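User: Could you walk me through how to read the features of this model? I would like the general idea each time, and then the case at hand.

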Amino acid sequence: MAALRRPLLLPTLAARVRRVLAAARLKSGSRDYPSPETTGSLATSCLADRRLWDQLHTQPRLAGTPTFDWFFGYEEIQELLLPLLQEVQTTSPLRVLDVGCGTSDLSTGLYAKSPYPVDVLGIDFSPVAVAHMNALLEGGQDQVPLSPGHPSSSLRFMQANAQNMASVAPSGSFHLVLDKGTWDAVVRGGLPGAYQLLSECLRVLSPGGTLIQFSDEDPDVRLPCLEQRSYGRTVTVQELGPFKGITYFAYFVQGSH
């Protein structure tokens, strides 16, 4: 368990947030960004602060690019996800939860490109992100409305705190829970918050369901945390990439059928 005591370096995610905000500030000439005095240090609680993400999600996007992905997008991991969807034996669309969805194309990619029926719910604590994704889904922002890859598939976005999902996600209600960088952001506010996120993700999993955390954090740091708090579930890791020169990891937490 020495890995739990090892000092953590500032994650790549934090550095990316800082670079994106700095670039946007230079582009717009605006100084109206959260300061360390109001949001905390990027190395501590800033990434767990909703105000930072609201500000980030309001920044102008590149023309023709309605989504923004940390790490990577749906295309890079569809070959990992689609076999999981195919394996699940269910008479109704497979229920998928994307926690901390932001404005990523993970949920929209699953909905629009999965040949298997899926019922996808994306949640985020930023109302700005949720409004953006709902507008995208409905064909706003000069975009064509999204069409499902399977006629029985569905997609919706809701504002919710992934550390307390009781109002949107009953226990055992999802076959697959996806966390792409959300643990990485929450843990900057401390491990208790990250453990609460993990607890909620495991609560909403159906028996035999799978939680996947996508991260660039090394297994020697992440695995002990997951093994300690997964309570008898199987925890494994798979290396991904490299994507744009960076190696990522998919951490699987699976229950028994």
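Analyst: Happy to. Let's begin with burial: buried means under 20% relative accessible area, exposed over 50%, and partly exposed in between, using a 1.4 Å probe and protein chains only. C101, at 5% relative accessibility, counts as buried, and C201 counts as buried at 1%. This is a predicted model, where local features need pLDDT of at least 70 and side-chain atom pairs count only at pLDDT 80 or more, while totals for chains, interfaces and linings use all residues. Residues are numbered from 1 along each chain as its sequence is written, and side-chain values use heavy atoms, leaving out hydrogens and water.

User: How many disulfides does a search of the whole structure find?

Analyst: A disulfide is a covalent bond between the sulfur atoms of two cysteines. The cut-off here is a pair of cysteine sulfur atoms within 2.5 Å, and the search of the whole structure finds 0.

User: How should I read the confidence in this chain?

Analyst: pLDDT is the predictor's confidence in each residue, from 0 to 100. The protein chain averages 81, and 73% of the residues score at least 70. Over residues 1-15, pLDDT stays under 50, and the model has 30 contacts (heavy atoms within 4.5 Å) beyond four places in sequence for them. Residues 18-45 also have pLDDT below 50, with 41 contacts in the model beyond near neighbours in sequence.

User: Which side of strand 2 is covered?

Analyst: Helices (H or I, at least four residues) and strands (E, at least two) are DSSP runs, numbered from the N terminus. In a regular strand the side chains alternate between the two faces of the sheet. In strand 2 (residues 118-124), 7 of its 7 residues are buried. Both faces are covered: V118, V120, G122 and D124 lie on one side, with D119, L121 and I123 on the other.

User: What is G122 in contact with?

Analyst: Leaving aside neighbours within four places in sequence, G122 contacts D98, C101, S107, R156, F157 and M158. G122 counts as buried because its relative accessibility is 0%.

User: How many aromatic pairs does the structure hold?

Analyst: Rings of Phe, Tyr and Trp (its six-membered ring) pair if their centres lie within 6.5 Å; planes under 30 degrees apart count as stacked, over 60 as edge-to-face and the rest as tilted. The structure holds 8 such pairs. F72 and Y248 have ring centres 5.1 Å apart and planes at 85°, so they are edge-to-face. This pair links distant parts of the chain, 176 residues apart: F72 is in the loop between helix 4 (50-57) and helix 5 (74-87), and Y248 is in strand 7 (residues 246-254). F72 and Y248 are both buried. F249 and Y251 are tilted, because their ring centres are 6.1 Å apart with planes at 40°. One aromatic cluster is formed by F71, F72, F214, F243 and Y248.

User: Where does R95 lie?

Analyst: A charge sits over a ring if NZ of Lys or CZ of Arg is within 6 Å of the ring centre and within 35 degrees of the ring normal. R95 lies over the face of F174, at 4.3 Å from the ring centre. R229 lies over the face of Y195, at 4.0 Å from the ring centre.
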